[in-house]
Structures are given as C-alpha cells and as structure tokens.
Amino acid sequence: MKSNYEKFKSVCSILEKYSFDKSKLIPILQATQEEYKYLPQEVLTFISSALNISPANVYGVATFYSHFSLIPKGKHIIRVCDGTACHVKKSESIIEALRKKLNLNNSQTTTKDMLFTLETVSCLGTCGLSPAVVLDGKVYGQMTPSKAIALIDQIKE
Amino acid sequence: MDIDLETITREFANSRKDIKKRIIVCAGTGCVANGSLDVFETLTSISKQIGVDIHIELKEEIKDTLISKSGCQGFCQHGPLLNILPQGILYTKVKASDVKEILEKSVLQDEIIERLCYHDKDKVCKGQEDIPFYTKQNRIILKQCGVVDPEDIREYIANNGYKAAKKACIDMTEKEICDELIKSGLRGRGGAGFPTGKKWDFTRVQNSAKKYVICNGDEGDPGAFMDRSVMEGNPHSIIEGLIITSKAIGADEGYIYVRTEYSLAVSRMQKAVKDARDIGILGKNIFGSDHSFILHVMEGAGAFVCGEETALIASIEGKRGMPSPKPPIPSQSGLWGNPTAINNVETLANVPIIINYGADNFKKNGTQNSAGTKIFAITGNVLNTGLIEVPFGTTLKHVIFDIAGGVPDEDGNLSEDNFKAVQIGGPSGGCLTKEHLDIVLDFDSLKTVGAMVGSGGFVVMSKHNCMVNVAKFFMQFTQSESCGKCVLCREGTLQMLLMLTDITEGRATVNTLSLLEELARAVAIGSLCGLGKTASNPVLSTLRYFKEEYDAHVKDKKCPAGECVKLLNYQITDKCIGCGLCATKCPVRAISGKLKERYKIDVPKCIKCGVCKDSCKFDAIVRS
C-alpha cells in the first residue's frame, strides 16, 4: 500500500499547477482522474480542503459530469456510440451482444475481473462511420454485434 | 505587436514555390478511424524507397512533393480520402496497400487509378469537381477545411487569414463592426438563430471594465459534427472570429469551450491558440492597435446541458453546469457577472468572411431572413453520409436525394419509397416526412412545421426505422442529460420515457397516448432552458406525423418497422437446409441443431439482433 505522502503527492502538484484556484475545479478534477484513473473519495476530500470549498461542492461537480468516475474502471474501456446516427443503424444490438458476452447486467458496467468496462456515449461525432465502437481510444466504424465480439475475443487472447 | 501578414504570406509562398505536387491525406476523426494515419505513415516510408522526392509538413529543405494532413473533408463514409494536387484527384477508401501504386502511377506520372475513384453509378469521378456530393454544395466555411494544414498557422495566413482581424483591429470602430454584422443578417448557428450583430451590439453598449467572449464548442447534439470539423480542420478561422468579436464588444479575454469527447479538436485548438500567441496575433496590442486579447481553451467534462449558454458559463466558473434563469442574459451579466458575448463555432467561422468580403456579399447566399450558408451533418440511412454546406433556402429533397444520394433499402437498392422521415435538429428538433420534402431549409420555415434548424444534424430514416423507437431514443437522451433543476424536465422526461418504453414493449393502453401528449406539452411549458423546452419535440412531432405507428404498437402490439425487439420474434422455417451458418454467427449461441436438419432458436437466449437473418443464404429465417 502506498503511503499517504505518495498517494497525495500527485494531487498536490496538480493543485499547485492550477494555483489552488477554485474556478479551475473542473480542470483539476480532469487532471486528477487522468493521474488516478478515477476519483478516489479521499482525494476528493483532499481537494476540497485544499481549495477551501465544501466536499459537497466538489462531490456535486464530480457527479454532475459524465466524464468523471468515482469508481475504478476496467483495464480496457469499450465505449459504444449510441448517438442518433448509430442508433438508427442498430447500435443497441451491439450493446446487448457485448453485455451478454461480458456477463454484465443492466446496472453493471465493469466485469468482475476488472478487465473490461462497457460504456455508451451519446455521440462521438463519427456519424459517417456509424455504428461506431471505441476500444481503448481507437475508433472502429461500421460495427456489427459479431465484429464487436471478435474485438473482445482478440483482447482476451 | 505589429505583425506583417504580407511578409509571412510571401515567405510561405516562397518556401513552397518548388513544390510541384501535393498529396493531402484527410485526418479528420472519421478518416483516422478508417486508418488514414496508416496511409500517411506508409506514404512517407514507401516514397523514400521508390524515389519520390517528398517531404513532410515542410521543413527547411525544399523538395518537389509535399505530403500533408488536412481536417475533415466531409465525405466521411468513403474515407480514408487522399487528394493529389494540382490534378485535383480524389481517391476514396484508400488503404496502406494502395499507396505504392498511387505514388508510382499518380504522383510520378499523371495516371488515374480508376479503382480508387468514387463511382457515381457507372461514371468514374476523378475528383471533387465530378462528384455530385461536392458539386451540388456551396462550400464557403468548409472550403479551407480539407485543404489547409490545420496545424500550420502560416498556411492559414497565406490564404488571406487574419486579414479580417487586422482590418477590424485597425480600420474599424466597435460600432462599425457591430453594424456590419447586423447588416449581414448573420444568425447564430448553434440552434436558436439569434442575430449575431444584435447580440454583439447589446454587449458592446454595456458599461463594464471587464468583458468576455466565449466560443461555444460544446457540440453535444447526437448526429451533429460540423463544429468538430471546423475546430479540427480550420481552427484559426475560429480564433480570428473571436478576435473580431472581442474588438467589437471591447473584451480582452476569451474562452473556447470544447467538448471533451472531441480529443482531436481539443488538441488542434490548443495548438492553434499557442501558435497565434507565439506569433503575436493573440496578446497585447494586436497588429499594433490598442486592442489586446488573450484566449484560453477549456475542455468540457461530458454534460450535454453545457451547450446551453448559462450552463456553459457556470461550467467555466468551475460549477455544476446548470442553466440559470434569463434575464439577465449573458450580454448583461455572464462570466463572473461580466458582460459576455457567447457564440457558436460555425457562427464565428462566418465572421472573418463577412468582414473581408462585406455584408452585401454575404447576403447573396441564403434567404431574406436567413442569410448565408449552413453546414448540415447528414447521417443515418442515406447513400453518402457526411458534412455538407448549402445556402439557406435549399430544399430538403435536394439535400437528401441529390447531395446525399438517396435512401437505400436493406439490400442497398435506391428508391424514393425507402425514405420515411428525417430528424432535424437533434433531440430538440422534430421529424419531417415525405410531404415536407419540398420545404426550404431556413430558420423560419422549419419552425412552421414543428422542426428547427438546431445545430444542423440530419438523421435520415428509412422504412426500417420505427418512429416510436426514435422518440424513445431521444427521450432517453434528454432524460439522462436533464440537469435536474426543473421538476417538470427532471420528472417529466422520466415519465415520458417510461410511457414510451411501455409502448415499445407492448404494455401501453390507449390512455398512455393521450397522457403522453398532455405531459409533453406540460414539460415544454414548465422548463427553464432550451433542453427542457424542446425535450418534447421528438414526441410531439412523431405523434403528429406517425400516429398510426403508435396505434399499431398500442392496439395491435406490433412494430410495423420491425425494430422494437420486445414485439419481435425470429423463427427458422422449413426452408432451412441445416448448414449451421446462423449458429456460428449468433453472438450469444442461441441457435443449435444438427447439420442437415432444421436448426432451432432458443427464444429466452435470443437477443434479437438479426445477425442470423442477415447471414442466412436461403431466406429460412423470418422475423415476425
């Protein structure tokens, strides 16, 4: 286990970079999430004390924006686009197929082995390639349920 | 700082005078996803082997072929795109394995590889001048996207860039700029269509020592990506627009707020701002005038409602992005209580054009109340998806059938009968049907039929799309994006979603429909911001034009388009010869059987994705 000093060292330098400016809360949280991969509760409390704002305030912002996550995510992140264009090209069937493949029920997004997180996004702006799936930052266009499952199998190998 | 644009232009032209050919690889998000960066890498590595004298992104030495990347060229479905200038060749769906042939035939010689050209029916189209998708457009804002290198400020300057900013800073007064904008009739391209000049003038007359300008790049409407393309393809045009805005209203600081999902746009904007600052176009005493302006790029954090101006301002201030009541409008009291002019990306990209060529020239395009051109993102079930720019006043028919090439059915055959509806303006817009095909596109005419230009997303639906499901889809979106401030929006969208879910899953009664309509009207009245006010539009417009589809779901428990999975069943008929192909294709292994005997679908396991039906070569699988 990391010592407390180690744990908060990175958030300290992030706070310093933004000169402890309250109005920079969103960029601070973005940088923090980049560093820790999610927003751990104790780090959020730390940020609120350092900026002299209430933890409720920080929590409010952290939960308002969908980009922030308060729970750890899986090693590989699959984001299925469910924007209008992808939706009319049947992105739902891809989501369903992936859920079954990864054994996720409706409320779960991350697999038990912490290998995969399945998310939907409202629009990636790659409507010309619909339906689109993003796996670890790489966009795959014109997907089908079977192609999506093949992607998972490839990673598992 | 005084910057000599002419010298930069001259030096730039000089550095390129020995370039005989130029290869442009589209590096917009769509083409990158299709592998355009591989094509680019292969180009640079192979060309050395086969002796093409190339050189990338122009460094000090001069060679005679230039390879560069560009922003989105709009023809996304056929990407990766590769242009060769000056011949004007446009190759589509280029793969890394095609690169060698392209270099040998089309760069070293002038031969055209027909296989890589776009084919319009049987006609081979050599370049943009032959492709109906391009020839039927009127590209003004998008003209530079796809040609200039978005990461090279000098190329922007060499193409008349920052001239308008200089003119505004040195030769024009604040009032003159506002008057020119008012005269041009430019209306905000973000959705509401408010006259830009009036907004500026109102901000200008506010008595305040500190004012701000903001560029709204939080393009969240699903199905719209014109702002992304401009930010990726021509970021300096936005900066130039912002400089002119700041001068017009007397602001010295500004923000560009970009959606976090657009990572490429964020990095291109950041680079462009840095380059402009380094060269002295942003900073103190721009062009030697007494006008100073600094600009920040802020990345959003994933909240659709932040596209609403007061919510966006709250977000920049580091708060939850919730809208606040108007008045006061941002022009009076915006960022940190100061007067703020907030404009959309596409609006700002129009500004330098108006200042350079005058309001009268600008008004030559468009209709009386909607001047200029508009970029539409056309997606869904059409032959050619992508970005198009047409003058206001173009008909819907022209856009869908002439530019986008029409609506194909499941087998790819084109017919006007396949067209069912088009959703305009995203989750706030409405659906238009066959009877509206002749309607002209402008701010006012669309409102009369219950739709809106919105941000300009067009999603075309064919007869295989269920309109109830479309309404449900949009409701899901608005429900999850509602910030929760107004009760009617927060609870009303949830209740509407539950009702729509009941309808698509066969649990609804006739009462559900009247209740749905009543609630839809109430939500529109009882919400503060545009999100809630327009959340009901998809429901109301589908109820208006596709009532019979709702009735079929409610009364007969059937989905005529065959899309609502709960009302569907797949069956294998006796046409099955037992080849087993469907069983291997099924993603959830719900199909089993013995070879050469009829296979069976395990209904509880089936997710109704339709893969089996698509893969069966004997039409033995039916949907009912």
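Which residues point one way from E8(B), and which the other way? Tyr212(B), Ile214(B) and Asn216(B) lie on one side of E8(B), while Val213(B), Cys215(B) and Gly217(B) point the other way, and all are buried. Buried here stands for under 20% relative accessible area, exposed for over 50%, and partly exposed for anything in between, with a 1.4 Å probe and protein chains only. The model is a predicted one, in which local features need pLDDT of at least 70 and side-chain atom pairs count only at pLDDT 80 or more, while totals for chains, interfaces and linings use all residues. Residues are numbered from 1 along each chain as its sequence is written, chains are lettered from A and ligands numbered from 1 in the order in which they are written, and side-chain values use heavy atoms, leaving out hydrogens and water.

Strand E8 (residues 212–217) of chain B has six of its six residues buried, so it is largely enclosed by the rest of the structure. Helices (H or I, at least four residues) and strands (E, at least two) are DSSP runs, numbered from the N terminus. Two strands are taken to pair if DSSP finds at least two bridges between them. With strand E9 (residues 253–258) of chain B, E8(B) pairs in the parallel sense over six bridges. Within that pairing, Ile214(B) has Tyr255(B) as its bridge partner in E9(B), and Cys215(B) has Ile256(B). E8(B) is also joined to strand E11 (residues 340–344) of chain B, by five bridges and again running parallel. There, Tyr212(B) finds its bridge partner in Thr340(B) of E11(B).

These pairings belong to an open sheet of four strands in chain B, ordered E10-E9-E8-E11, with parallel pairing. Its edges are strand E10 (294–299) and E11 of chain B, each of which pairs on one side only. Neighbouring strands of this sheet are turned by 20° against each other on average, direction ignored. As a general point, strands of a sheet pair through backbone hydrogen bonds, either parallel or antiparallel.

Turning to the helices of chain B, helix H11 (residues 235–249) and helix H14 (residues 345–357) pack at an angle of about 75°, with their axes 7 Å apart. Axes are lines fitted to C-alpha atoms, for helices over the stretch in contact, and angles run from 0 to 180 degrees between N-to-C directions. H11(B) and H14(B) are therefore roughly perpendicular to each other, a label given to angles of 65 to 115 degrees, whereas those under 35 count as roughly parallel, those over 145 as roughly antiparallel and the rest as oblique. On the H11(B) side, the contact includes Ile238(B), Leu242(B) and Thr245(B), and on the H14(B) side Leu348(B), Val351(B) and Ile355(B) are among the residues involved. Contact means heavy atoms within 4.5 Å. Asn234(B) is buried, at a relative accessible area of 5%. Leaving aside residues up to four places away in sequence, Asn234(B) touches Gln144(B), Cys145(B), Val148(B), Tyr156(B) and Ser229(B).

Chain A has seven helices and four strands, which follow one another from the N terminus as α-α-α-α-β-α-α-β-β-β-α. Along the principal axes, its C-alpha atoms fill a box of roughly 50 × 35 × 25 Å. Of the 157 residues of chain A, 52% count as buried. Among its contacts between residues at least 6 apart in sequence, 62% join residues at least 24 apart. Chain A is divided into domain 1 (4–64) and domain 2 (76–156), with bounds from an automatic or database domain assignment. The centres of these two domains, taken over C-alpha atoms, are separated by 30 Å.

The sheet of chain A is open and has four strands in the order E2-E1-E3-E4, with mixed pairing. Strand E2 (116–121) and strand E4 (138–140) form the edges, each pairing on one side only. The twist averages 25° from one strand to the next. Strand E3 (residues 133–135) and E4 of chain A run antiparallel and are joined by three bridges, with Val133(A) opposite Tyr140(A) of E4(A). Helix H6 (residues 91–101) of chain A lies across strand E1 (76–81), E2 and E3, running at about 150° to E1(A). Helix H7 (residues 145–156) of chain A packs on the sheet too, touching E1, E2, E3 and E4, and its direction makes about 150° with that of E2(A).
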